[in-house]
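Hi everyone, thanks for making time. I'd like to walk you through one structure today, so let me put it up on the screen.

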Amino acid sequence: MRASSRFPSLLSPAIKPGKATALIIAIGGKGGSGKTTIAGIIARTLGRKHGRVLAVDGDSNPNLALTLGLPVADLMQLPVLSRDLLEQVPEEGGKTRSKLKISTQEVVSQFGVTAPDNVILLVLGRVGHAGSG
Amino acid sequence: MCRSHATVRELLGAVVAESCELTVVDLEAGLENFSRGTPRHADMLLIVLEPYYKSLETGRRVAELARELGTKHILGVANKVRSQADANAIQQFATPHGIQIAGSIPHDEAILDADRAGASPLDMNPHSPAVEAVQRMTEVLA
C-alpha cells in the first residue's frame, strides 16, 4: 500500500495558490501516533505550495512548534491565546457557545508566530501553564 | 491557576469556526476535541492510524464521531508502516469502516532522530522516506 495515485484530489479545485482560501484540515489520532509530526510536515508542504498556511496547535501539550522547525529555545516564549478572547453567545435552543470577540485575522496577527515555509503558528494553550488560566 | 483542557477546546472551536484561510489543525489526542464542534468546521479530517489494535480502534471511534458531526472528508493516514503486513492490517481495518487511506507513511528512524534533537524532520532529513511520503500525500490532498 502506498500513497495511492488513485486517490482523487478532493479539494484541489478549491485551492488557488496565493489566495486566501478557507480549507481546514484537522489531524487526529491516538496519542503517540505521530499526528504532530505529520501535521507539521503537511503544514510546511502546503506553505511552500500555496504561499501561506495557518497551523493551529490544538493540543493541550503543544509540540507542533518543534515539528515546524522553530528553535527549542523559543518554545516557552510562544504566545498562548488568552481565555479572555472568548465570549458566550446564545444559540438556538437556549444554549450558548463560545465565540471569539475579535476576528481570527486579528487573533493571528496578535498571537501568530512566523515559522518556516510561510507557516503561521497559533498555539491555543498549554494545560498546566502557570498564569494562563 | 491552570488552564483547563476545556478552555483549549473552546478556543480551538472558535478559531476553526471563523478561520478563512488554509488551516492545518493538530488536534488533541483521542476523542476529546470532538465535543466542541471542531470537526463540524473542518473540511477534512486525517486520522493517523498505526498498525495495532488500540490505535485502529481509537481511529474508528474518531471517524464515527466526525461522521456524526458532519466532517466532509474523513481519511486515514497509515503511519509507522514497517512491512506489507502492517499496511494490510491498516487497510483491512479501515476499508470496512469507511475510512479511505490517503497515504502510507513508512516507519523511519529519521523521524526519531529529529524528535531526539527537538528539530523538524523537514530540516534535519528532508529526503527521508517518511518525510517524502507525507509530502507526496499532501500534494494529492490540497
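Let's start where the two chains meet: the contact takes 69 residues from chain A and 74 residues from chain B. Keep in mind as we go that this is a predicted model. On the side of chain B that touches chain A, the largest share comes from helix H1 of chain B, residues 5-18, with eleven residues. And what is the make-up of that side of chain B by class? We find 40 nonpolar, 22 polar and twelve charged residues there.

The chains also share strand pairing. Strand S1 of chain A, residues 24-29, pairs with strand S1 of chain B, residues 23-26, in the parallel sense, over four bridges. If you'd like a place to look, find Ile24(A), which stands opposite Thr23(B) in S1(B).

Now stay with chain B and turn to strand S3, residues 73-81. Eight of the nine residues of S3(B) are buried, so this strand is largely enclosed by the rest of the structure.

Which strands pair with S3(B)? One of them is strand S2 of chain B, residues 44-49, parallel to S3(B) over six bridges, and here Leu49(B) stands opposite Ala78(B). To get from S2(B) to S3(B), the chain passes through helix H3 of chain B, residues 53-69, in a right-handed β-α-β crossover.

Strand S4 of chain B, residues 100-106, pairs with S3(B) as well, in the parallel sense over five bridges. There, Val77(B) has Gly103(B) as its bridge partner. The path from S3(B) to S4(B) runs through helix H4 of chain B, residues 84-94, and this β-α-β crossover is right-handed.

Thanks, and I'm happy to take questions!

How values were computed
Residues numbered from 1 in each chain as written. Chains lettered and ligands numbered in written order. Predicted model: local features only at pLDDT ≥ 70, side-chain atom pairs only at ≥ 80, totals over all residues. Contact = placed C-beta atoms within 7 Å. Helix = DSSP H or I, 4+ residues; strand = E, 2+ residues; numbered from the N terminus. Nonpolar A, V, L, I, M, F, W, Y, C, P; charged D, E, K, R; others polar. Pairing = 2+ DSSP bridges. Buried ≥ 20, exposed ≤ 12 C-beta atoms within 10 Å, placed from the backbone. Right-handed = clockwise from strand over helix to strand, strands pointing away.
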